[in-house]
Amino acid sequence: MKRWTMATVERTYGFRATHHLPGAASKRARTPHNHIYNVTVFYKHEVNGRFGWTKDFWEVDEIMRPIVESFEGADLNLYLKVPTSELVCCMILNELPGWVDGVSVRENSQSKVTVARRDFNPKWWSEHGPK
């Protein structure tokens, strides 16, 4: 019999940034343009019986704050070879502690990209992601 309960928690943050995709088929994507990115981090953790939560949101916010602040108003082409939502997920996940299970990024209401830690390859990332 289990002596604890696990919960999956998501916490969402936002920033506005510019990017362009030089090799894209559409002219709009090749031209610098802005998005309001919504980044969700998720993790599965034991619910603390004393406090009733998995982790204090303050702890998650303290980890995410410098990441979000560094991208606010930034040109993502300065950080990534090709600043797609997939690579933005990888870039953020690479900066987070191991207890974070994954990251999702939305750059509009019609699309969402998720990269789970179990599917993330740091060696591939180091070769293909950062500038």
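Tutor: Ring pairs join Phe15, Tyr37, Phe71 and Tyr79 into a cluster. Rings of Phe, Tyr and Trp (its six-membered ring) count as a pair if their centres lie within 6.5 Å; planes under 30 degrees apart are called stacked, over 60 edge-to-face, and the rest tilted. The model is a predicted one, in which local features need pLDDT of at least 70 and side-chain atom pairs count only at pLDDT 80 or more, while totals for chains, interfaces and linings use all residues. Residues are numbered from 1 along each chain as its sequence is written, and side-chain values use heavy atoms, with hydrogens and water left out.

By the ring rule there are 5 aromatic pairs. In one of them, the ring centres of phenylalanine 15 and tyrosine 37 are 5.2 Å apart and the planes are at 15°, so this pair is stacked. The two residues come from distant parts of the chain, 22 residues apart: phenylalanine 15 belongs to strand E1 (residues 6–19) and tyrosine 37 to strand E2 (residues 33–46). Here strands (E, at least two residues) and helices (H or I, at least four) are DSSP runs, numbered from the N terminus. Both phenylalanine 15 and tyrosine 37 are buried, a term for under 20% relative accessible area, with exposed meaning over 50% and partly exposed in between (1.4 Å probe, protein chains only).

Phenylalanine 15 also pairs with phenylalanine 71, in a tilted arrangement with 5.4 Å from centre to centre and 45° between the planes. Because phenylalanine 15 lies in strand E1 and phenylalanine 71 in helix H2 (residues 57–71), this pair ties together parts that are 56 residues apart in sequence. Phenylalanine 71 is buried, as is phenylalanine 15.

Helix H2 leads on to a helix packing. The axes of H2 and helix H3 (residues 85–95) come within 10 Å and cross at roughly 145°; axes are lines fitted to C-alpha atoms, for helices over the stretch in contact, with angles from 0 to 180 degrees between N-to-C directions. Phe71 takes part in this contact together with Met64 and Ile67 of H2, and the residues from H3 are Met91, Ile92 and Glu95, where contact means heavy atoms within 4.5 Å.

Charged side chains also meet rings. Arginine 11 lies over the face of phenylalanine 57, at 4.2 Å from the ring centre, and lysine 55 lies over the face of tryptophan 99, at 4.3 Å from the ring centre. For this, NZ of Lys or CZ of Arg must be within 6 Å of the ring centre and within 35 degrees of the ring normal.
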